[in-house]
Amino acid sequence: MTTLAPPSRFLPVLATVGLFVLAFGIGSARYDGFASGQVVANLFIDNAFLIVLAAGMTFVILSGGIDLSVGSVVALSTMVTASGLRAGWPVPLVVLAVLLIGATLGLLMGLVIHKFDVQPFIVTLAGMFLARGLCFLISVESVSIKDRTFRDVATAAIELPGGVTITYNVVIALLVVAAAMYVLHRTRFGRTVYAVGGNESSALLMGLPAARVKVGVYVISGLCSSLAGLLFSLYMLSGYGLHAVGMELDAIAAVVIGGTLLAGGVGYVLGGLAGVLVLGTIQTLISFQGTLSSWWTKIVIGVLLLVFIAVQRTMVRR
Amino acid sequence: MTESPPPVVEMRGISLAFPGVKALQEVDFRLFPGEVHALMGENGAGKSTLIKTLTGVHRPDAGQVALAGEEVAFSSPGEAQHAGISTVYQEVNLCANLTVAENILLGREPRRFGGIDFPAMRRRAAEVLARIGVHVDPASSLGEHPIAVQQLVAIARAIAVDCRVLVLDEPTSSLDAGEVAELFRIMRVLRDEGVAILFVSHFLDQVYEISDRMTVLRNGALVGEHLTADVDRRTLIAQMIGRDLGALEAIEDAAEQRTSHGPVLLQAEGLGRRGAIEPFDLDVRAGEVVGLAGLLGSGRTELARLLFGADRADSGRLLVDGRQLKLRGPRSAIAAGIAFSSEDRKGEGLVADLSIRDNLVLAMQAARGWTRPLPRRTKDQLVEKYLKALDIRPANPDALVRTLSGGNQQKVLLARWLVTEPRLLILDEPTRGIDVGAKAQIQQLVTTLAAEGTAVLFISAELEEVVRIADRIVVLRDRRKIAELDGSTGIDEVVELIAGGAAPEKVVS
């Protein structure tokens with residue numbers, strides 16, 4: 001009856017945070033220079049786009065769906081950004097065009113999923129091929145970005161106390177996380193996302209706008225993907241159809257490792273952030289080690305995913 | 001109860017047909033403010049359909065629905081809710097992953113600056129819960145609470161809006177006695193506030209305890225509307241079960257003629273399963289039709305499932321041909337020659353997207369084992385034979401089962417088991433929801449099978465049918481076998497027993 005409940009609700013997220021601390025602790029103990037503020041800052045700098053992707057993906061997975069198109073939409077966004085800038089478009093127009101494309105793709109996929117009652121897996125798989133194909137329609141080559149303003153934003157460093165620097169990418173990613181948290185936890189739309197993911201037919205019978213939410217999460221994910229594409233353009237300073245291959249799976253992995261149930265209804269945006277940080281730390285650990293192939297990252301991620309999904313299953317059964 | 005206030009809900013001449021089934025025929029229904037009105041009827045009588053017509057899930061083919069004198073036509077549950085008709089379903093239709101407060105108020109939550117005002121929401125939820133005297137923390141997550149509390153939260157959600165009509169569709173089926181008492185207390189509070197409550201329950205005791213008025217449905221038609229005080233249980237049950245004799249009398253004669261039966265085929269000694277059915281003894285002889293009579297929830301299906309090994313018994317033993325049989329599951333039962341045709345023919349019996357032929361062949365192949373494939377010609381002959389024998393329509397082996405009417409689906413299901421040539425055939429509600437003609441054919445088939453030496457355990461909610469067809473009737477009440485009667489027993493006596501009029505000790509088979 002009394003509120004002893006929250007700890008159990010937050011347990012998966014806390015576990016992920018604990019895992020992050022543990023991985024970071026191991027790194028700090030074994031390698032000189034690991035335990036520095038800049039290493040942490042670099043985690044954010046190198047994964048800003050993934051943090052944004054994970055935030056959007058959290059909406060979709062919470063509603064009980066999945067979005068496989070996000071990696072391709074990132075690639076398409078870098079392509080549109082790079083070729084738009086090369087054609088001499090002003091930066092605000094490029095940003096607007098990219099976000100519009102992402103949101104529209106998401107809207108289309110959401111509508112198909114809802115109207116025709118098709119598995120999100122298939123629809124977003126189609127979206128993934130479509131977006132990837134569109135990249136090569138624009139150019140089969142890698143297009144580098146030479147725009148002055150864009151390069152300035154990309155290389156600008158924000159000085160934090162303690163000599164640590166971050167990029168604007170990090171600021172944007174954290175703003176997205178904050179906005180996502182507000183929408184998911186404080187608005188009717190957000191709570192309906194949870195309701196739909198928890199029990200869709202109940203949500204319908206409760207008279208909640210389930211349809212709007214089911215389409216809406218894909219629009220949000222599309223928007224986040226195109227924003228992540230912009231961040232990726234800033235990070236790589238090029239547009240290429242083979243950018244971000246398989247990144248949708250990294251995003252899904254981060255969200256799941258962050259404790260969000262693939263079945264929907266349970267999870268937090270912060271979990272996705274923690275998941276990204278865990279993945280980033282493992283990558284950093286392996287690069288500090290030096291002798292290990294970077295593919296070890298994938299192996300560790302695979303094992304972690306299995307463990308987390310097994311833990312989730314047992315929790316759901318209970 | 002006087003009839004002075006006008007009814008808050010008045011449904012007149014409601015008819016609704018689904019493909020192959022007339023779900024409702026010219027049903028009238030009225031609901032007065034400040035009363036608890038029980039909707040009675042066996043499974044398939046049309047209770048849920050009538051409720052769904054009221055709450056906007058279905059639209060009637062004919063007839064009018066009036067709310068407080070004004071004609072209405074809801075196209076969604078949301079619209080009905082908006083007009084003051086709230087429904088609480090048998091299964092709790094809430095989201096266990098949200099908090100209690102969210103479950104009560106989501107969709108009409110108090111807002112501030114575009115976001116949800118959580119403190120205000122918790123306060124509102126606490127007020128609503130206090131109104132019905134339920135004390136749970138609105139901030140706790142719904143899934144932490146037992147089903148009974150979730151049910152009460154569902155009611156809280158229903159009355160959180162201005163609610164004139166509260167529909168409770170079997171709210172008590174998963175509650176224990178104390179929880180039911182709590183629910184009834186809340187229902188009385190709401191009734192005294194002037195809310196009209198429509199209540200569905202299969203438990204007669206509960207209906208008599210709480211309801212002021214009742215409407216009885218049977219086979220989609222209105223049987224009658226009474227004040228609860230005016231009807232005794234016997235009359236009510238007779239109305240629910242029906243006593244319409246008719247085109248089916250010939251079958252009884254056949255039952256009468258079968259006097260000698262074969263050896264005891266199946267013997268249950270003290271077989272039982274906690275929470276499903278108390279230990280019972282039962283003999284079934286070859287060539288005999290044993291009927292199971294009892295109300296819904298009396299343990300009819302549970303008993304059958306034990307004999308088939310679909311559920312595992314936790315006491316007693318089962319003998320087939322005098323030898324003890326360990327039922328490890330349906331497979332071993334099938335191997336022993338026991339077949340079980342489930343009442344849930346869509347869920348547990350047929351593969352709706354396959355053709356008639358494929359459905360029959362599935363069963364044959366399962367019976368033979370996958371190492372001994374059936375030659376095509378044998379298959380065709382068998383399929384042909386059963387299509388003809390059971391008069392399945394269309395007589396096209398390639399028709400998809402999904403497209404058949406309920407009666408013909410039932411026949412295909414029967415055929416599926418018959419091809420395995422079972423020695424004991426358990427039929428759970430084989431005639432539910434199908435038309436009279438198909439019913440007669442199925443009953444005819446049962447008598448034919450018995451004449452050929454197959455033992456049949458026949459379960460039906462329609463007492464008339466059980467009495468007519470069975471050589472012996474086993475009566476169940478409250479998950480207990482209370483009597484075993486001769487096939488010639490009159491229907492009145494059986495009704496008496498089911499209703500609990502006679503003490504079980506006095507009845508001898």
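View 1. The buried residues of α11(A) comprise Met247(A), Glu248(A), Asp250(A), Ala251(A), Ile252(A), Ala253(A), Ala254(A), Val255(A), Val256(A) and Ile257(A). A residue is termed buried if 20 or more other C-beta atoms lie within 10 Å of its own, exposed if 12 or fewer do, and partly exposed in between, with C-beta atoms placed from the backbone. Because 10 of the 11 residues of this helix (residues 247–257) are buried, α11(A) is largely enclosed by the rest of the structure. Just after α11(A), Gly259(A) adopts a positive phi of about 95°. The model is predicted: local features need pLDDT of at least 70, side-chain atom pairs count only at pLDDT 80 or more, and totals for chains, interfaces and linings use all residues. Residues are numbered from 1 along each chain as its sequence is written, while chains are lettered from A and ligands numbered from 1 in the order in which they are written.

**View 2. Chain A as a whole.** Chain A contains 13 helices and 4 strands; helices (H or I, at least four residues) and strands (E, at least two) are DSSP runs, numbered from the N terminus. Its C-alpha atoms fill a box of roughly 60 × 50 × 35 Å along the principal axes. The radius of gyration of chain A is 20 Å, which agrees with the value near 20 Å for a compact globule of 318 residues; the quantity is taken over C-alpha atoms, and the globule rule is 2.2 Å times the number of residues to the power 0.38. Of the 318 residues of chain A, 51% count as buried. Two residues are in contact if their C-beta atoms, placed from the backbone, lie within 7 Å. Among contacts in chain A between residues at least 6 apart in sequence, 79% join residues at least 24 apart.

**View 3. The contact between chains A and B.** Chain B contributes 22 residues to the contact and chain A contributes 23 residues. On the side of chain B that touches chain A, the elements giving two or more residues are α2 (77–82) and β8 (115–116) of chain B. Of these, α2(B) gives the most, with 3 residues. By class, this side of chain B has 9 nonpolar, 9 polar and 4 charged residues; Ala, Val, Leu, Ile, Met, Phe, Trp, Tyr, Cys and Pro count as nonpolar, Asp, Glu, Lys and Arg as charged, and the others, Gly among them, as polar.

**View 4. Surroundings of Cys95(B).** Cys95(B) lies in the loop between β6 (85–88) and α3 (100–105) of chain B. Cys95(B) counts as buried because 27 C-beta neighbours lie inside 10 Å. Not counting residues up to four places away in sequence, Cys95(B) touches Ala195(A), Gly198(A), Asn199(A), Ser202(A) and Ala203(A), together with Asn103(B) and Leu142(B).

**View 5. Helix α10 of chain B.** The secondary structure of chain B comes to 18 helices and 22 strands, and buried residues make up 46% of its 509 residues. Helix α10 (residues 300–308) of chain B has 8 of its 9 residues buried, so this helix is largely enclosed by the rest of the structure. Among the buried residues of α10(B) are Leu303(B), Leu306(B), Leu307(B) and Phe308(B). Just after α10(B), Gly309(B) takes a positive phi of about 80°.

**View 6. An antiparallel sheet in chain B.** An open sheet of 4 strands has the order β14-β13-β16-β17 (chain B), with antiparallel pairing; strands pair if DSSP finds at least two bridges between them. At the edges stand β14 (277–285) and β17 (323–324) of chain B, each with a single partner strand, so one side of each is left without a neighbour in the sheet. Strand β13 (residues 264–273) of chain B is joined to β14(B) by 6 bridges. Leu271(B) has Phe280(B) in β14(B) as its bridge partner.

**View 7. Surroundings of Val207(B).** Val207(B) is placed in helix α7 (residues 204–210) of chain B. With 20 C-beta neighbours inside 10 Å, Val207(B) counts as buried. Val207(B) and His37(B) are 170 residues apart in sequence, yet 9.0 Å apart in space, C-alpha to C-alpha. Leaving aside neighbours within four places in sequence, Val207(B) is in contact with Ala38(B), Met40(B), Ser201(B) and Met214(B).
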